[in-house]
Amino acid sequence: MVIGCAAEKGTRMKKAHESGKAASNLSLSRRKFMKMSVTSAAIVGAGGFSVCMYRPTVAQAAGATSKSAARYRDSPNRGRRCAGCTHFLKRNRCEIVAGEVSPNGWCRFHTPRPA
């Protein structure tokens with residue numbers, strides 16, 4: 001009977017050891033965890049950055065916004081006017097505001113041209 005108990009104990013120990021071995025193969029090393037964390041953070045950060053840097057192209061936004069939605073007016077606002085905006089196009093057109101705009105007008109999408 002003592003031999004039976006010892007044999008049973010040995011079997012339990014062997015099973016516990018084998019299950020620990022399987023668990024260690026599935027566990028994540030610290031190095032692997034850090035590498036995955038940094039990679040994930042870089043991907044998420046790049047995605048967030050690209051969203052911030054999105055700017056509609058002329059074809060996507062050419063005159064799609066109504067004058068009332070853009071809060072357009074025919075007079076300058078504190079010296080800012082359509083003729084000095086990056087969205088102003090030739091023939092009194094705008095990339096964003098629909099219809100004809102005055103070179104002396106202004107809207108909330110005004111972006112000064114680089115000097």
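**Briefing: core, patch and a buried histidine**

Methionine 36 is partly exposed, at 48% relative accessible area (buried is under 20%, exposed over 50%, partly exposed in between, with a 1.4 Å probe and protein chains only). Keep in mind that this is a predicted model: local features need pLDDT of at least 70, side-chain atom pairs count only at pLDDT 80 or more, and totals for chains, interfaces and linings use all residues. Numbering starts from 1 along each chain as its sequence is written, and side-chain values use heavy atoms, leaving out hydrogens and water.

**Overall layout**
- From the N terminus on, the elements run α-α-α-β-β (DSSP runs: helices are H or I with at least four residues, strands E with at least two).
- Of the 115 residues in the protein, 15% are buried.

**Around Met36**
- Methionine 36 sits in helix H2, residues 30-52.
- Leu28, Phe33, Met34 and Met36 make a nonpolar surface patch of about 420 Å².

**The core**
- The largest nonpolar core has 9 residues, including Ala70, Tyr72 and Phe88 (a core joins buried Ala, Val, Leu, Ile, Met, Phe, Trp, Tyr and Cys through side-chain atoms within 4.5 Å).
- Leaving aside residues up to four places away in sequence, alanine 70 touches Thr65, Val97, Cys107, Arg108 and Phe109 (contact means heavy atoms within 4.5 Å).

**Histidine 110**
- Histidine 110 lies in the segment after strand S2 (93-94) and counts as buried at 15% relative accessibility.
- Its side chain reaches the backbone oxygen of arginine 81 at 3.2 Å.
- Beyond four places in sequence, histidine 110 touches Arg80, Arg81, Gly84 and Cys85.

Terms used: Patch = residues over 30% accessible without salt bridge, like charges linked within 9 Å, V, L, I, M, F, W, Y side chains within 5 Å. Areas by Shrake-Rupley, 256 points an atom, 1.4 Å probe, with all protein chains shown as cover. Salt bridge = Lys/Arg side-chain N within 4 Å of Asp/Glu carboxyl O. Polar contact = N/O pair within 3.5 Å; in protein donor to acceptor, adjacent residues only side chain to side chain.
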